[in-house]
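Please look over the sequence and the 3D structure shown here before reading the notes that follow.

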Amino acid sequence: MVPCVAVFDIGKTNKKLLLFDQNYQIIKEEETCLKETVDEDGDKGEDLAALANWLKRTWHLLEQDLHYDVLAVNFTTYGASLVHLDQAGNAVAPLYNYLKPFPSHLEEQFHAKYGDRIEITSQTSSPALGMLNAGLQLYWLKHCKPALFKKVRHSLHLPQYISYLFTGHLVSEYTSIGCHTALWDFKTQSYHKWVQAEELDRLFPPLRPHAQPLQAMFRGKKIPAGLGLHDSSSALIPYLKQYKQPFLLLSTGTWGITLNPFAKRPICSSDLQQDCLLYLTYQGKKVKASRKFIGNAHEEQVKHLAAYYKKPQDFFKSVPYNAAFLSETGYYPLLQEQEQTAVKAKISPRVRINLDLALYPSYEAAYHHLVAQIVQEQLCSLQLAAEGDLSAFELLLVDGGFSRNKIFMSLLQNACPGLEIKAGKSAQGTALGAALVMDMWP
């Protein structure tokens, strides 16, 4: 049997199981997409029961596959999502979608009681993002659904809920608390005073260091099990271990998140107003980050392209890079005019795409212009995380799905000629980070 570490990598769209060998090479990968469900308000979201069933079924099948000997398991998932458990440890509420609208009257109530937006965002290093602030999801549940809230005894961030399904232990950890939750006071290194005033801190299990793993059962024996990690923070781990010179990491998936673990300036209100924030590493250290919703924009737009040009949904994967599709539009000069002053403009995490398909004779031409617009949007976010000075960095690492997109990578290099741009050594860097944390091999 091949000794390996198993990682469940749970994205909003794709759910994966990956096995890493002693050289941290992927030796097995499984992937699925699960249908969304709707909550009691009619909003779409993750089907928590379907996810739990897939995890348990996949683990059971892995136990039956005697080709692999799993020595440890860890978990990584998207953030801004909480699972609420009752006294018996059962989920009592849907996994509410972080894109669910946050009531304006509730936001006004919150700030009237606990401080204005600038004050709260500065203290928690979390831009005001409504449901994308996981702490406000809990505040919303308490004040808008009090009967349901009364049933809640524990609230777990999604990575820790997945770990709980395998280990039976309730824990909290830094990467989930530190990803724009509005829960954590970065100065006092504790839950913010509003969380304590609302007595929400009692719902979160104690913090546990990743150096103290839990245990799960595999073929009747106990193996080390991780606490679970927020995906973007997990994606940073392989590169912190590998590179010593200053670098930026662009972690791509549903979001394009630029991570700067070498930031020199403290976070300020201007940063926060432009969706630049602080994350926490698995060791509790600060990382400056800026986000763009590029994966979501790409997913929606390629659906339109497929329908318009009568192509398969994944046809974009077969489109090679062809500079001729862009050379006549002035695109390259436009990209190269992205200067440091770009950070002075107001930047939104949303991606603005202006694509009139009637102007393009082919899918290939339209797709090049789609990716060009996505790259331009990402550049503003990149500059923001870099504190307006890309020349301070030698290397830009691109991790995740877009690292395999040759058009995206080519246009990004054209836009940043002074940077060495590398695709992550593994397109599954998020899962690799979760495997490395288990520290099974040198």
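In this predicted model, the side chains of E377 and K292 meet in a salt bridge with 3.0 Å from N to O, a salt bridge being a side-chain nitrogen of Lys or Arg within 4 Å of a carboxyl oxygen of Asp or Glu. Because E377 lies in helix α14 (residues 363–385) and K292 in strand β17 (residues 286–292), the pair ties together parts that are 85 residues apart in sequence. Helices (H or I, at least four residues) and strands (E, at least two) are DSSP runs, numbered from the N terminus.

The model is a prediction, so local features need pLDDT of at least 70 and side-chain atom pairs count only at pLDDT 80 or more, while totals for chains, interfaces and linings use all residues. Residues are numbered from 1 along each chain as its sequence is written, and side-chain values use heavy atoms, with hydrogens and water left out.

**Salt bridges**

- The structure holds 18 salt bridges, and in the one between E377 and K292 E377 is buried at 9% relative accessibility, while K292 is buried with a relative accessible area of 1%; here buried means under 20% relative accessible area, exposed means over 50%, and partly exposed lies in between (1.4 Å probe, protein chains only).
- Another salt bridge joins the side chains of K145 and D41, at 3.3 Å from N to O.
- K145 lies in the loop between α4 (134–144) and α5 (146–149), and D41 lies in the loop between β4 (37–38) and β5 (44–45), so this pair ties together parts that are 104 residues apart in sequence.
- K145 counts as buried at 15% relative accessibility, whereas D41 is partly exposed, with a relative accessible area of 42%.
- E300 forms a salt bridge with K303, and the closest N and O atoms of the pair are 3.8 Å apart.
- Both E300 and K303 lie in helix α11 (residues 294–309), where they are three residues apart, about one turn of the helix.
- E300 is partly exposed, with a relative accessible area of 35%, and K303 is partly exposed as well, with a relative accessible area of 37%.
- Salt bridges that share partners join D39, E40, D41, D43, K100 and K145 into one network.

**Nonpolar cores**

- The largest nonpolar core has 92 residues, of which F8, W59, Y367 and F408 touch the most other members; such a core is a set of buried Ala, Val, Leu, Ile, Met, Phe, Trp, Tyr and Cys residues joined through side-chain atoms within 4.5 Å.
- Helix α14 gives the most to this core, with eleven residues.
- When residues up to four places away in sequence are not counted, W59 touches A6, F8, V70, V73, F166, M217, F218 and I223, contact meaning heavy atoms within 4.5 Å.
- A second, separate core of 35 residues includes F110, A134, Y139 and Y191.

- Strand β15 (residues 256–260) is mostly covered, since five of its five residues are buried.
- Both faces of β15 are covered, with G256, T258 and N260 buried on one side and I257 and L259 buried on the other.
- Strand β14 (residues 247–252) pairs with β15 in the antiparallel sense over four bridges, two strands being paired if DSSP finds at least two bridges between them.
- β14 and β15 form a hairpin with three residues between them, and the bridge partner of S251 in β15 is I257.
- β15 also pairs with β17 in the antiparallel sense, over five bridges, and L259 stands opposite A289 in β17.

**Residue S233**

- S233 lies in helix α9 (residues 231–242) and counts as buried at 6% relative accessibility.
- The side chain of S233 reaches the backbone oxygen of L280 at 3.5 Å.
- Leaving out residues up to four places away in sequence, S233 touches T175, Y279 and L280.

**Cysteines**

- A search of the whole structure finds zero disulfides, a disulfide being a pair of cysteine sulfur atoms within 2.5 Å.
- The sulfur of C416 is 11 Å from the closest cysteine sulfur, in C380, which is too far for a bond.
- C416 is buried, with a relative accessible area of 5%, and C4 counts as buried at 0% relative accessibility.

Definitions and conventions
A polar contact is a pair of N or O atoms within 3.5 Å; within protein, one must be able to donate a hydrogen and the other to accept it, and residues adjacent in sequence count only if both atoms are side-chain atoms.
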